[in-house]
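Here is a short briefing on one helix pair and on the chain-level picture. Have the sequence and the 3D view open as you read.

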Amino acid sequence: MTPGLPDSTFLYIIEIIGTFAFAISGIRLAAYKKFDLFGAYVVGLVTAIGGGTLRDVLLDIPVFWMQTWVYLGVTGAALGIVIIFRKLLVSMNKALFIFDTIGLALFVVIGIEKSLSADYPMWVAIVMGVITGSFGGVVRDILINVEPLFFRKDIYATACLAGGLLYWAAFSLKLPPVLTQSICGITIIVLRMLAIHYNWCLPQLNVNSVKAENELTDNN
Amino acid sequence: MTPGLPDSTFLYIIEIIGTFAFAISGIRLAAYKKFDLFGAYVVGLVTAIGGGTLRDVLLDIPVFWMQTWVYLGVTGAALGIVIIFRKLLVSMNKALFIFDTIGLALFVVIGIEKSLSADYPMWVAIVMGVITGSFGGVVRDILINVEPLFFRKDIYATACLAGGLLYWAAFSLKLPPVLTQSICGITIIVLRMLAIHYNWCLPQLNVNSVKAENELTDNN
Amino acid sequence: MTPGLPDSTFLYIIEIIGTFAFAISGIRLAAYKKFDLFGAYVVGLVTAIGGGTLRDVLLDIPVFWMQTWVYLGVTGAALGIVIIFRKLLVSMNKALFIFDTIGLALFVVIGIEKSLSADYPMWVAIVMGVITGSFGGVVRDILINVEPLFFRKDIYATACLAGGLLYWAAFSLKLPPVLTQSICGITIIVLRMLAIHYNWCLPQLNVNSVKAENELTDNN
């Protein structure tokens with residue numbers, strides 16, 4: 001648990017739900033690509049803990065999932081659930097998406113607060129919040145050898161960034177911690193929901209006339 | 001060398017053979033994909049030291065290959081051997097496979113013992129054993145842009161896990177270290193040999209009716 | 001800034017230019033692959049700071065870009081420049097290539113000197129120099145899901161290695177620091193320029209008769 005969080009039992013439960021939802025998302029994609037059981041477990045685990053692991057290595061603090069077996073256990077439970085309820089899960093897409101989004105929001109809050117309690121400045125904390133929320137999914141996509149989705153797909157990481165910036169604003173105004181956390185988390189949840197519903201995405205760079213560097217180095 | 005290993009010269013020699021075999025495996029795959037000499041060296045090196053590097057970074061202990069140039073040197077020797085004996089190597093597939101499997105077994109033992117001597121609990125040590133044995137091959141596959149083999153192919157990582165669990169059992173029974181190590185290593189070697197011979201693999205998840213998440217987010 | 005560099009303001013300016021050029025290279029490739037703005041920013045950032053980040057994690061020293069927001073800011077500026085001047089940039093390929101090469105040279109020098117000042121031996125420092133110069137581009141290529149270019153393309157990483165070895169030679173001869181740095185950097189710049197101009201590349205391994213390991217394990 002992140003030290004200094006008020007009502008930590010509630011947040012801890014949410015974190016476990018988020019871990020579970022992230023693991024489910026990784027396991028289902030791995031299953032779709034016909035990974036075996038162990039491979040699916042690893043992809044689920046990496047999706048769930050990858051972001052926090054990179055954060056802890058960069059901050060040079062003890063890696064969170066090595067302190068308790070709960071995260072490995074939750075991923076195991078997620079694998080069991082996918083195996084047992086795989087038909088039911090199809091009709092639960094919306095519920096899973098909501099869990100996943102709540103987990104994302106809390107992962108960002110936890111990433112920010114862990115960085116602040118390790119005495120890093122706010123801008124580093126926001127970067128770590130985005131990393132905690134996004135990096136697991138990037139590694140998942142690399143492991144299953146597809147292009148990382150969030151670079152093109154929706155405003156996933158952008159929602160994390162927006163939440164982080166509002167955390168900063170609320171923190172600067174010295175709002176109470178629980179309110180600061182809520183503003184950050186709810187922003188992320190609402191933005192992501194709206195983005196999916198209205199099919200929002202960021203503009204692409206228009207590059208009709210831009211050559212890529214590998215062509216560049218050929219012609220030089 | 002890992003402190004506390006009995007008969008450490010023997011184990012050290014095995015570790016060097018394992019490093020060599022892992023490097024050969026990476027170099028041959030890189031050659032198959034028409035990498036140049038430097039690229040082949042890097043892929044060989046990453047295959048050989050990738051797992052131990054991630055382990056040491058996660059454990060926050062000094063990275064093993066930065067303590068002695070031996071690992072870089074062994075990889076260089078492996079590159080030389082592949083260049084000089086490349087026709088001969090084809091007929092040595094079985095010997096190379098055996099070296100590779102022995103190396104794998106010892107990498108797992110070393111990963112477990114390094115973690116224990118850094119005061120981590122046994123379940124972390126087993127995870128680190130699996131990482132030490134498997135992660136180099138995963139990075140190799142990412143670098144040459146193929147889907148990591150072990151997620152679908154054979155019981156490679158599963159054998160590491162089984163060896164780790166038997167290490168735990170032997171350790172709990174307070175068997176002598178050399179016996180504990182042998183039980184772990186021989187389990188891995190035998191399991192992998194049997195798995196290749198009988199074409200064992202783990203079951204895949206059956207996902208005919210499960211949509212992947214990228215479809216999910218489209219339809220929501 | 002690396003401690004102990006003479007005339008550090010000049011080197012700092014060059015480092016910023018190098019960061020900028022690396023970020024441009026990442027952003028343009030991401031744009032070519034139709035990434036959105038945020039994705040392009042992330043790819044640019046990773047290209048610019050990926051090598052130094054891996055170096056600092058392996059050396060177990062504070063990660064450089066977390067000490068000042070300048071590197072994130074420079075990447076933001078690079079994104080702005082690509083958006084605003086994207087047509088102009090096509091005709092600036094040569095200038096960009098020169099910036100990129102100067103940045104590479106300085107990244108290698110910085111990687112070597114950071115490692116030496118953290119009391120690592122010279123051979124580790126040279127490896128870290130190569131990593132600082134090359135790894136960002138490798139991660140860029142993994143993120144956009146192409147095979148890392150430098151493994152097959154030109155003598156990019158080889159130039160870094162040659163520069164590092166000459167650094168070692170000059171250092172052993174106790175030449176003044178600024179001369180040692182210049183010999184290393186200029187070697188890299190000249191080698192890369194010549195390599196592009198004359199289309200130099202390292203030999204590939206000839207592997208017509210070598211089976212890759214995935215075939216090996218099938219047939220065993």
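In this predicted model, helix H2 (residues 37–59) of chain B packs against helix H6 (residues 122–143) of chain B at an angle of about 135°, and their axes are 7 Å apart. That angle makes H2(B) oblique to H6(B). The crossing of H2(B) past H6(B) is right-handed.

**Contact between H2(B) and H6(B)**

- On the H2(B) side, the contact residues include B:Val43, B:Val46, B:Thr47, B:Ala48, B:Ile49, B:Leu54 and B:Leu59.
- H2(B) also brings B:Gly50, B:Gly51, B:Gly52 and B:Arg55 to the contact.
- On the H6(B) side, they include B:Met128, B:Ile131, B:Thr132, B:Ser134, B:Phe135, B:Val139 and B:Leu143.
- H6(B) also brings B:Gly133, B:Gly136, B:Gly137 and B:Arg140.
- By class, the contact of H2(B) with H6(B) has eleven nonpolar, nine polar and two charged residues.

**Chain A: fold**

- Chain A has nine helices and zero strands.
- Its elements run α-α-α-α-α-α-α-α-α from the N terminus.
- Chain A has 220 residues, and 50% of them count as buried.
- Of the chain A contacts with a separation of 6 or more, 68% link residues 24 or more positions apart.

**Confidence**

- The model scores ipTM 0.85 and pTM 0.88.
- Chain A has an average pLDDT of 84, with 86% of its residues at 70 or above.

Key
Residues numbered from 1 in each chain as written. Chains lettered and ligands numbered in written order. Predicted model: local features only at pLDDT ≥ 70, side-chain atom pairs only at ≥ 80, totals over all residues. Axes fitted to C-alpha atoms, helices over the stretch in contact; angles between N-to-C directions. Helix = DSSP H or I, 4+ residues; strand = E, 2+ residues; numbered from the N terminus. Parallel < 35°, antiparallel > 145°, perpendicular 65-115°, else oblique. Left-handed = near helix turned anticlockwise from the far one by under 90°. Contact = placed C-beta atoms within 7 Å. Nonpolar A, V, L, I, M, F, W, Y, C, P; charged D, E, K, R; others polar. Buried ≥ 20, exposed ≤ 12 C-beta atoms within 10 Å, placed from the backbone. pLDDT = per-residue confidence, 0-100.
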